[in-house]
Amino acid sequence: MSKKFYITTPIYYVNARPHIGHAYTTIACDAVARRQRMLGSDTFFLTGTDEHGQKIERATQGTGKTPQHFADEVSGEFRALWDRMGLTYDDFIRTTSERHKEGVQALWRKIRENGYIYKGSYSGQYCVFDELYVDAVGPGAPCPECGRPTETVREENYFFKLSAFQDKLLELYASKPEFIRPETRRNEVVSFVRSGLRDLSISRSTFKWGIPVPDDPGHVIYVWMDALSNYITALGYGSSDTRKFEKYWPADLQMIGKEIVRFHCVYWPAFLMAAGLPLPNAIVAHGWLLFEENKMSKSRGNIVRAETILDAMGSDALRYFLLREVVFGQDGSFSFDALVQRYNADLANGLGNLASRTLTMISRYFRGEVPYPSGTAARKPADHEIAQVAQRTISDYTALVDQYQFSRALESAWTLVAAVNKYIVENEPWTLGEQPDELSRSRLGTILYTSAEALRIITALVHAIIPDSTARIWAQLGLGDIRKFPLAELQWGQLKLSTKLGNVEPVFPRADKTTIERMQAMEEQQRPGTVSDGKQDAAVATQAQPASPALQTAAPPVPKAGAAAADGKITIDDFAKVELRVGQVKVAERVKGADKLLRLEVDIGTETRQVLAGIAEAYAPEMLIGRKVVIVANLAPRKLRGLESNGMIVAASLEGDKPVLCSFLEDVPVGARLK
Ligand SMILES: [Zn+2]
C-alpha cells in the first residue's frame, strides 16, 4: 500500500472575490500535491470556501440577494478560477453544504458529550469584522485586532473550555516542534498560550447566518469552529460514510496564511483534543503577498486578479514567479515588472533556451534521436561535472522542497540550468556539428546527451511547480506522460539512447514591454472610464469637502488649452469629462482616528470601488448599506489616512451643516451614467 498524503488550503472567506493572494496559497498546495502524487503517495488535496457569519449576512442586507445566493456566486468564482488554473484539488468543500453542517454538528455533540461545552453569558465588546469578542472598554472602542469600532453585546452563549487545554497545547508544541512552521510563528503561538487561555464563546444568537447549535436552534455555531471543521467534514466525519476520514485523517500538511495562525494552532488542535481526534502533523504558515508594500486585500483596494496574468502569460508564469520570488514563510511583493523580468530571465532565457537549443540540435544533427555519449573514459571533466551537479541538485532540491522552501529549491534547480547553458556555450556543439570527422561527431553526441539528460532531470524536478510547460518539454524529449514518472527513482543516466524526440517547439516565448502594458490595460478595463493616456485611470476619491452650497462633484481641473469660456463657464465637452455613475454601497465603516470619514465599498456595476467620504457625522455606516449614491468615477485616486480612495461620492454641502447625499426618487440601475 502506498503512503497517504492529505493536504489542505485554508477555506476562503466569500466576503472577497478571488485574487492572486488566494491563488498563492492554493498554488503552493497544488505544487505539494502534484509532487506527492509523483512520489507515489495516495494524495488527497482539499480546498473550499467559508460562507457563514455576520459579515456575509450584513453584506447582503439591502442588496436583494440572500446570503446563500451571494455565497453561491463568490464560491463559484473561486472554483472556476482554480479550474482555469488547472489546480488539482480532489475536493472542494463549502461550509453551506449539507455534508458540512452534518459533520460540524456531530463534532459539537462529541465535544459536548466529553464535557467541554457549557452555557454561560457574555457581556462586552464585539468586533463584527473579526467576528470576535475583544478586550475593549465601552461602546465604539476600537478593536485591538483591526482598529475598527466594536459593538456592545450581551448574549447567552455556549462556551468551549479552552482553558482546560493550555498545558496540553504547550506540551504539544514542545514535543512536536514541526507542528507549527516557520519558527517565528511557533514562538508567537507559544507565548500567546503561555499568557493564559480563557474559555471561548462558540455560539452566537444575535444573527442567523450559520449552522444551528444542536438541540438549541436559537444559536448558531461560531464561524471559526464551523470553518475549521471543514478539514474533517470534507472527509465524511460525522456522516454515515467515514472511509475517507479513516484513511486520510490526520492531515499531513495544513497550509495557512500567517494571519490565521492562532485559530489553526490553538483553537483547532484544542477542538480536536476535546473530541478525542488525532491532530494534524504540520501547520505551515506563509507570509503575505504585498502590492506596493501593502497586503493585497479587498479593503485596501490593491488587488491584482489572477485572470490578467493567465491571459497574458499563462499559469506557469504565475506559479513560477510566486514560488520563486517569495521566500516561503516571509512576505513577498508582486509587480508586473518583476513578474516579466523573472519570467524572461529564468524561463525564457534559462530553461527555455536550454530546452530549445538541446532539442533543436538533436533534431538537426541526429535525426531527432538521443545520441550515444562516448565511453566514460573518453569523456571530459566538463561532462562529468554536469553529471555531478545534476546528482547534487536532485538531493538539494528534494531536501529543500520537503521543507516547503520552494524559493530555495528552485534556486538550486536553476544552478543546474545555468551550469548546462554555460557548458553548451563553452563546448560549442554547433561548431562540432559542421565537422564531418568521427571524433567531432562522437564529441557532439556526448555533449548533446549530457545536455538532454540534465534537461530531463530539471524537468522532472520542477514539474510540480510548472506543470504545463514541463509536460511539453517531457513530451518533446520523447518520454510520454510526465505525471507517470516515478520521481523517487530520479537519477543521472536514465535517459535511454535512441529515444525518439517528439515535435520540437519553443515553450517559453519571450515577454516584452507590451506584455506589461497589456496586463495593465486588462486591469484597467475592469473599471469604467479608463482614460486614454495610459495612466492609472479612474478614480478615486472622495472626501466631502464642505464648501459653499453646491454639488461636490465638480472641479476636475479644466484643461487650459482653449476649452474654458472666459466667464468661468465650461462647455458641454468639459462636463462630459466628468464621469458620474450610480453606485450602491456594499460596505460602510468608520475610519480609525478620523471622526468625519467613512470607508465605503461601492458597486458601480462593473466593479466595486473603495471610496472614502467625509460624511460620518451625518450618516451612520449601517444606514448606508444598500443605498444608491452618485459617484464621480473618473477622479484620479488619492490617499486619505493611508487608504486609497477611488472616486468621490456626490453630496450637497450646506454651510455649517451636515452633507446630504445625492439620491434618486425613481429606481435606477447600478452603473447607470449621469449626463
Ligand atoms: Zn476587529
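Predicted model: local features only at pLDDT ≥ 70, side-chain atom pairs only at ≥ 80, totals over all residues.

Colleague: Why is the contact between Arg305 and Glu523 called a salt bridge?
Modeller: The cut-off is a side-chain nitrogen of Lys or Arg within 4 Å of a carboxyl oxygen of Asp or Glu; the N to O distance for Arg305 and Glu523 is 3.1 Å, so the pair qualifies. The two residues belong to distant parts of the chain, 218 residues apart, with Arg305 in the loop between β16 and α11 (306–313) and Glu523 in helix α19 (residues 513–525).

Colleague: Why is Glu523 called buried, and Arg305 partly exposed?
Modeller: Buried means under 20% relative accessible area, and partly exposed covers the range between that and the exposed class, which is over 50%. Glu523, at 12%, therefore counts as buried, while Arg305, at 21%, counts as partly exposed.

Colleague: What makes Lys484 and Asp481 a salt bridge, and which class of accessibility does Lys484 fall into?
Modeller: Their closest N and O atoms are 3.7 Å apart, and since the limit is within 4 Å, the pair counts as a salt bridge. Lys484 has a relative accessible area of 68% and is exposed, whereas Asp481, with 30%, is partly exposed. Elsewhere, salt bridges that share partners join Arg17, Lys65, Glu73 and Glu77 into one network. In the salt bridge of Lys65 with Glu73, the closest N and O atoms are 3.3 Å apart. A search of the whole structure finds 37 salt bridges.

Colleague: Why are helices α14 and α17 called roughly parallel?
Modeller: Helix α14 (residues 381–402) and helix α17 (residues 438–462) pack at an angle of about 5°, with their axes 10 Å apart. Angles under 35 degrees count as roughly parallel, and α14 and α17 are therefore described in that way. The residues making the contact include Ile386, Ala390 and Ile394 of α14, and Ala454, Ile457 and Leu461 of α17. By class, the residues of this contact divide into eight nonpolar, three polar and two charged.

Colleague: How do you know whether Phe165 is buried or exposed?
Modeller: The cut-off for buried is under 20% relative accessible area, and Phe165, at 1%, therefore counts as buried. Phe165 lies in the loop between β7 (151–160) and α5 (166–175). Leaving aside neighbours within four places in sequence, Phe165 is in contact with Tyr116, Phe160, Ala270, Met273 and Ala274. Phe165 and Phe271 are 106 residues apart in sequence, and their C-alpha atoms are 9.3 Å apart in space.

Key. Residues numbered from 1 in each chain as written. Heavy atoms only, no water. Helix = DSSP H or I, 4+ residues; strand = E, 2+ residues; numbered from the N terminus. Buried < 20%, exposed > 50% of the residue type's maximum accessible area, 1.4 Å probe, protein only. Axes fitted to C-alpha atoms, helices over the stretch in contact; angles between N-to-C directions. Parallel < 35°, antiparallel > 145°, perpendicular 65-115°, else oblique. Contact = heavy atoms within 4.5 Å. Nonpolar A, V, L, I, M, F, W, Y, C, P; charged D, E, K, R; others polar.
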